[in-house]
Amino acid sequence: MSARRPAAVIVLAAGEGTRMKSRKSKVLHELCGRSMLGHVLAAAEQLRPQRLIVVVGHRREQVIEHLAEHAPHAETVVQERQGGTGHAVRIALEQVGALAGTVVVTNGDHPLLRGRTLQELVDAHEREGNAATVLTTEMPDPTGYGRILRGPDGAVTAIVEHKDADEAQRAVREVNVGMYAFDGTLLEAALKQVTTDNAGGEEYLTDVPAILREQGHRVGAFTAPDWVETQGVNDRVQLAQARRLLNARILEEHMRAGVTVVDPASTWIDVQVTIEPDVVIHPNTQLHGRTHLAEDAQVGPNVTLTDTSVGAGAVVTNAVAVGAEIGPQASVGPFAYLRPGTRLARKAKAGTYVEMKNAVVGEGSKVPHLTYVGDAEIGQGSNIGAGCVFVNYDGVNKHRSVVGDHVKIGSDNMLVAPVRIGDGAYTAAGSVIVSDVPPGAMAVARSRQRNIEGWVERKRPGTPAAEAARRAMERADEAGSGE
C-alpha cells in the first residue's frame, strides 16, 4: 500500500446513459447488492483518499439521495452542462479547491474495477514520479479503443484513437481504459489549456496527458492484468454480463475460503454476504444484503435469504427469509417464509408451509407445518400443531401472543391475540383460544358435536352423496338383520 493517501478520488457520474433506456440514473443500476456507483466507491475507498468527490449531472437528485444514504462522506459536485470528461474534472477542481498530491479520476459505470488495481495505479504513479499515469489494459480485441504508444523507457508517448491509428498502431493491444492518476497541481493547470476544438465540441480529459508531455513532464501507464475488470457498462446487456462476472468472482472467493457451492451457475451472492468455512450451498440459492451463514450450515436448494443470519449447523431448504435470525442447528422449510423480526433459537423448527413474522421461537420448539405465527413468542420445547393461526390483527392494531415452555398446541387452533398459554399447558384440536390458559391446563374451546341423521337424503336428494349414504345404510341394515 502506498505510504501516502491520495489527495482525492474523483468519480465521474454525470452522464445520461441513454442506452440504459431507464428513468433511473445509469450509475444506480444494481448488481450483486450494490449500485454500479456503489461498487466504484467501494473500490475507491480502499485507497483511503483524503477526499472522495462524485461529479453528478443527469438525474442528479437520484444520485445525491443515493450518496446521502450509502456514502454520506462523499462530496458532490454538480456539472450543470455535460461538457465532456475534462470539463467535469475542471468543474470539480473549481468547486472543491486546489488538490495538492495524487488525484485519481475514475468512472461511475465501471463496477468490476478492483480497489487493488487502483492502488497499484497510484503506487506506480508515485514510484515513477509521473505527472500523469494512465490505467491501461491489453484487450483480446482492441477495436475501437485508443492505443497506448510507449517509448524505450516505458513512458507513454501518445494515445492514438482507433480511427486515427495506422496499421502498425492498430496492432497494439494495450489500450486506454479512461482512468488516471495525476499530480493535482499539474492537472489543474493543464485542464485550463484543454480546448473544445474537436468534433464533439467538448473538453476531453484524454487531452491532459498530451499537454503534460508537451510541457516536458513524464506520463506513465499502469497495465491492469485483468482486462475484464476495466470494462464499463452502457446498456442492460452489459449490465447482465457484468453481474455474472462479478458473481463468479464473489463465488470463487468464497469457495477458495472453504465454502462448498454445489452449482455456481445457479447461485447468486451479494458482495456484503459473509460465509464461514464448511458451509454447503445447494443449487438455486440467492443470498442478499448482509446475510451471514455460520460454519456447517446447509442452505438450499431453492432458497432466498435477505439480511438473514443462519447459525452453525442449521438447515434451510426451499425457503424465503427476510431480516430473520435462524439459530444453530435450527431447521427451516421446505416452503417456509420467515419475515422480518423472526428469531429461531437453537434446534427450533419452522417447517413445511409455515409463515412467521415478528416471532420468537425458543430452543427446541417446533412449528412443523401449515401454520402462521405472527407477533408471537414461543418458549422452549413447545410444539404447534398443524394448521394453526396466531390471529394477531384485530383490523386496527396488531397484538402479541405468548406461548410458554413445553406447551402442546393442538392442530387447527386459532390463538386470538392478546393471549398467554402457560408453561406445560395443552390445547385441544380445533380450538379457538381467546382467553389465557393457566400452566398445566387443558384448554378446550369448541362446541359439542351434533349429528343430524338423514340430513343429506332430505336436503340433497338425488346427489351422489345421497346415493352413497343410502347404500351405506342399506348395508348396515342387512348386517343388522343377519345378526
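Predicted model: local features only at pLDDT ≥ 70, side-chain atom pairs only at ≥ 80, totals over all residues.
Asn 234 counts as partly exposed because its relative accessibility is 22%. Residues are numbered from 1 along each chain as its sequence is written, and side-chain values use heavy atoms, with hydrogens and water left out.

An unreviewed UniProt entry annotates Asp 109 and Asn 234 as "binding site". The two are spread over 126 residues of sequence, yet they cluster in space, with a largest C-alpha distance of 7.6 Å. UniProt positions follow the numbering used here, feature names are shortened, and annotations may be inferred rather than shown by experiment.

Asn 234 sits in the loop between strand 11 (219-224) and helix 8 (236-256). Helices (H or I, at least four residues) and strands (E, at least two) are DSSP runs, numbered from the N terminus. Beyond its neighbours within four places in sequence, Asn 234 is in contact (heavy atoms within 4.5 Å) with Arg 19, Met 20, Lys 26 and Asp 109. Its side chain also makes a polar contact of 3.0 Å with the side chain of Lys 26. A polar contact is a pair of N or O atoms within 3.5 Å; within protein, one must be able to donate a hydrogen and the other to accept it, and residues adjacent in sequence count only if both atoms are side-chain atoms.

Asp 109 counts as buried, at 15% relative accessibility. It lies in the loop between strand 6 (102-107) and helix 4 (115-128). Leaving aside neighbours within four places in sequence, its contacts include Lys 26, Met 36 and Asn 234.

## The annotated His 369

For "active site", the unreviewed UniProt entry lists His 369. This residue is in strand 28 (residues 366-378).

Helix 4 has 14 residues and reaches 20 Å from its first C-alpha to its last, close to the expected 20 Å. That expected span is 1.5 Å times one less than the number of residues. Its buried residues include Leu 118, Leu 121, Val 122 and His 125. An α-helix has 3.6 residues a turn, so residues three or four places apart point the same way. The cover over the buried residues of helix 4 includes helix 1 (36-45), strand 6, strand 7, strand 10 (174-183) and strand 11. Gly 129 follows the helix, with a positive phi near 65°.

Thr 136 lies in strand 7 (residues 132-138). It is buried, with a relative accessible area of 0%. A 2.6 Å polar contact joins its side chain to that of Glu 174.

## Strand 4, an enclosed strand

Five of the five residues of strand 4 (residues 52-56) are buried, so the strand is largely enclosed by the rest of the structure. Leu 52, Val 54 and Val 56 are buried on one side, and Ile 53 and Val 55 on the other.

Strand 4 runs parallel to strand 1 (residues 8-13), joined by five bridges. Strand 4 also runs parallel to strand 5 (residues 75-78), with four bridges. Strands pair if DSSP finds at least two bridges between them. Val 55 is the bridge partner of Leu 12, and Val 55 stands opposite Val 77 in strand 5.

How values were computed. Buried < 20%, exposed > 50% of the residue type's maximum accessible area, 1.4 Å probe, protein only.
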